[in-house]
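Student: I have a protein model open and want to talk it through. Can we go piece by piece?

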Amino acid sequence: MSLADKIWKNKRVAELEDLVVARLAGIDGRAAWQWFMELDEALTALGEGADRRLAYQMSHPITRR
């Protein structure tokens with residue numbers, strides 16, 4: 001969840017990404033660098049829309065009753 005929250009805002013945290021890569025590599029046995037390449041590509045693609053998403057989100061503030 002932490003990684004998803006960061007990428008939603010296009011914030012990259014190397015230590016967090018390294019942790020995720022290590023866990024993924026431990027699960028299926030592929031080399032960490034292979035997971036890093038795939039994850040980096042996916043996170044970059046997801047992060048690219050952050051400005052648009054955040055602007056939309058800010059234009060619809062939560063109103064409290």
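**A loop, some charges and a patch**

Tutor: Asn10 is found in the loop between H1 and H2. Helices here are DSSP runs of H or I with at least four residues, strands are runs of E with at least two, and both are numbered from the N terminus. This is a predicted model: local features need pLDDT of at least 70, side-chain atom pairs count only at pLDDT 80 or more, and totals for chains, interfaces and linings use all residues. Residues are numbered from 1 along each chain as its sequence is written, and side-chain values use heavy atoms, with hydrogens and water left out.

Student: What is the phi of Asn10 near?

Tutor: Phi of Asn10 is near 60°, a positive value in a residue other than glycine. Most residues other than glycine have a negative phi.

Student: And why does Asn10 count as partly exposed?

Tutor: Because its relative accessibility is 39%. Buried means under 20% relative accessible area, exposed means over 50%, and partly exposed is in between, with a 1.4 Å probe and protein chains only.

Student: Back to the start of the chain. Where does Ser2 lie?

Tutor: Ser2 lies in helix H1, residues 2–8. Its relative accessibility is 43%, so Ser2 counts as partly exposed. The C-alpha atoms of Ser2 and Val13 are separated by 10.0 Å. These two are 11 residues apart along the chain.

Student: New topic. How many salt bridges does the structure hold?

Tutor: The structure holds 5 salt bridges. A salt bridge is a side-chain nitrogen of Lys or Arg within 4 Å of a carboxyl oxygen of Asp or Glu. One of them joins the side chains of Glu17 and Arg12, at 2.6 Å from N to O.

Student: Is Glu17 buried or exposed?

Tutor: Buried, because its relative accessibility is 5%. Glu17 is found in helix H2, residues 14–28.

Student: What else is Glu17 in contact with?

Tutor: Leave aside its neighbours within four places in sequence. Then Glu17 is in contact with Leu3, Arg12, Leu39 and Leu43. Contact means heavy atoms within 4.5 Å.

Student: Which residues are linked with Glu17 in a network of salt bridges?

Tutor: Arg12 and Asp40 are linked with Glu17 in that network.

Student: What about Arg30? Which residues does it bridge to?

Tutor: Arg30 forms a salt bridge with Asp28, where the closest N and O atoms are 3.0 Å apart. Arg30 also forms one with Glu38, at 2.4 Å. Asp28 is partly exposed at 39% relative accessibility. Glu38 is partly exposed too, at 40%.

Student: Which ring does the charged end of Arg30 sit over?

Tutor: The ring of Trp35, 4.1 Å from its centre. A charge sits over a ring if NZ of Lys or CZ of Arg is within 6 Å of the ring centre and within 35 degrees of the ring normal. Arg53 lies over the face of Trp8, at 4.5 Å from the ring centre.

Student: Last one. Which residues make the nonpolar surface patch?

Tutor: Trp33, Phe36 and Met37 make a patch of about 360 Å². Patches are made of residues with over 30% relative accessible area and no salt bridge: like charges are joined within 9 Å, nonpolar side chains (Val, Leu, Ile, Met, Phe, Trp, Tyr) within 5 Å. Accessible areas come from the Shrake-Rupley method with a 1.4 Å probe; for residues, only the protein chains shown count as cover. Phe36 has its place in helix H3, residues 32–47.
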